[in-house]
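Please have the sequence and the 3D view open while reading.

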Amino acid sequence: METIGNTPLVQLNSVTKGCKATVLAKVETTNPGNSVKDRMALKMIEDAEAQGLLKPGGTVIEGTSGNTGMGLALGCILKGYKLICVLSDKQSKEKMDILRAVGAEVVVCPTAVEPEDPRSYYSVSKRLAEETPNSWYVNQYDNPSNSLAHYEQTGPEIWEQTEGKITHFLVGVGTGGTISGTGKYLKEQNPSVQNIGIDTYGSVFKKYHETGIFDENEIYPYITEGIGEDILPKNVDFSVIDHFEKVTDKDAAVMTRRIAREEGIFVGNSAGAAIAGLMQIKDRFKEGDVVVVLFHDHGSRYVGKMFNDDWMRERGFLDEEHKTAKELIASHKDLKLIECASEELVSHAIAKMKDYNISQIPVTRDGGYVGHVDDKKLFQALLEQPDILDKPLAEVMQKPLPVVSEKEKIETIKALFNEETPAVLVKLDNGKYNIITRYDMINAI
Ligand SMILES: Cc1ncc(COP(=O)(O)O)c(C=O)c1O
């Protein structure tokens with residue numbers, strides 16, 4: 001238990017490019033449970049013991065997104081308590097498996113219900129605590145030992161590690177323990193330190209902080225894990241928070257991956273949200289400012305989610321701009337490009353479209369591309385002049401299709417498509433041509 005805390009402060013160099021301040025990450029993954037929550041979990045257990053709430057052989061019960069559960073589990077193992085963790089079903093499977101691995105009983109509840117609903121994870125945790133003899137309900141949301149752990153440990157560590165030079169503390173807010181405890185300590189040392197909370201779309205914090213209104217319209221399901229709430233936990237001390245910044249699920253997920261790949265720091269989703277939020281407000285920071293961003297937990301808890309390409313793609317979180325023409329034509333790269341010569345008749349072109357089940361054909365003359373025909377325009381022309389079938393394509397064809405290289409990015413290719421341009425030709429490195437159709441684009445996007 002003595003290995004909890006004294007986590008490193010690491011300068012970020014890549015993902016914060018464009019921000020004038022020095023940005024330091026307080027990386028909490030070196031705690032034994034791989035998250036910042038070990039600090040408050042142990043503090044809550046020991047305070048409950050001291051207050052006589054938790055007695056020998058007792059059962060600890062908590063509604064937790066996983067990290068607090070992990071911290072509690074380690075404490076319970078060493079101190080001989082049983083642990084029941086109640087999780088909402090949007091939490092990653094890894095988090096549930098990890099809790100089971102350290103001996104906790106895991107109860108899963110639906111996310112998309114009101115907090116007062118008897119199925120919600122708040123209600124289920126409370127009910128289990130009432131029904132289980134010799135049990136103690138932790139309630140990290142309202143338990144003052146949560147913030148206190150950060151006031152006593154995280155705050156002083158950051159103050160010492162920055163030699164008092166910290167100007168801003170920025171962190172994701174869930175129960176509020178981290179920002180409130182750490183932020184209070186830092187402001188007591190230097191009242192001009194600014195505490196910035198990162199919130200999610202679907203959470204009540206930002207609006208409540210700015211207007212004092214608890215707006216239920218702000219509440220809807222979201223994907224980001226660990227931060228944002230549909231309640232106001234007692235541990236959120238709004239008086240020490242200077243600003244809340246909301247970050248989208250996509251921006252948080254994309255940045256989570258970038259921190260791993262560009263900084264070599266493998267941390268979780270709320271770290272991604274924090275850095276994405278920092279970059280949204282980067283103009284607030286000036287040269288000489290020292291911003292400390294706290295990274296709550298380890299990336300291994302998200303390998304089935306933000307670090308999984310299929311999971312990211314299904315939600316439209318993977319930026320398509322990384323795709324190139326070569327990838328767009330991958331499914332038909334070995335097929336010969338169907339073409340027509342400019343002197344061929346319209347009826348030939350229509351027969352080819354039917355035979356090959358295609359909608360457009362590039363038209364050639366003297367080995368070069370001089371135009372194209374597509375089914376929509378041909379159909380229109382046929383309606384107006386039925387005798388067009390026996391005319392050469394040269395008389396009806398439209399302008400040539402644009403040509404790109406194999407390496408051209410999808411963003412550029414996308415911009416070439418319009419009413420007049422139903423496809424784009426690709427000049428391959430071997431000198432041959434292939435075609436990107438609307439269907440290729442739809443599949444890619
Ligand atoms: C991954 C993660 N990030 C951020 C938070 C928010 O921290 P706090 O509850 O101290 O506000 C939590 C809390 O559950 C978390 O698990």
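Helices and strands are DSSP runs numbered from the N terminus, a helix (H or I) needing at least four residues and a strand (E) at least two. In these terms, Glu28 has its place in the loop that runs between β2 (22-27) and α1 (37-50). The model is a predicted one, and the points below should be read with that in mind.

**Ligand site**
- The ligand sits in the largest pocket, and the shell of residues around the ligand divides into 3 nonpolar, 11 polar and 2 charged.
- There are 16 residues around the ligand, and those that come nearest are Lys37, Gly174, Thr175, Thr178 and Ser270.

- Thr175 places a polar side-chain atom 2.6 Å from an oxygen atom of the ligand, while a polar backbone atom of Gly174 is 2.7 Å from an oxygen atom of the ligand.
- Asn67 also has a polar side-chain atom at 2.9 Å from an oxygen atom of the ligand.
- Of the 390 Å² that the ligand exposes when taken alone, the protein buries 98%.

- Is Glu28 buried or exposed? Glu28 counts as buried because its relative accessible area is 0%, where the cut-off for buried is under 20%.
- Glu28 and Arg39 are 11 residues apart along the chain, and a distance of 9.8 Å separates their C-alpha atoms.

How values were computed
Residues are numbered from 1 along each chain as its sequence is written. This is a predicted model: local features need pLDDT of at least 70, side-chain atom pairs count only at pLDDT 80 or more; totals for chains, interfaces and linings use all residues. Side-chain values use heavy atoms; hydrogens and water are left out. A residue is near a molecule or strand if one of its heavy atoms lies within 4 Å of it. A polar contact is a pair of N or O atoms within 3.5 Å; within protein, one must be able to donate a hydrogen and the other to accept it, and residues adjacent in sequence count only if both atoms are side-chain atoms. Accessible areas come from the Shrake-Rupley method with a 1.4 Å probe; for residues, only the protein chains shown count as cover. On a 1 Å grid over the protein atoms alone, a cavity is a set of points where a 1.4 Å probe fits but cannot get out, and a pocket is an open set with protein on both sides within 12 Å along at least five of seven lines; lining residues have an atom within 4 Å of a point. A molecule sits in a cavity or pocket if more than half of its atoms lie within 2 Å of its grid points. Ala, Val, Leu, Ile, Met, Phe, Trp, Tyr, Cys and Pro count as nonpolar, Asp, Glu, Lys and Arg as charged, and the others, Gly among them, as polar. Buried means under 20% relative accessible area, exposed over 50%, partly exposed in between (1.4 Å probe, protein chains only).
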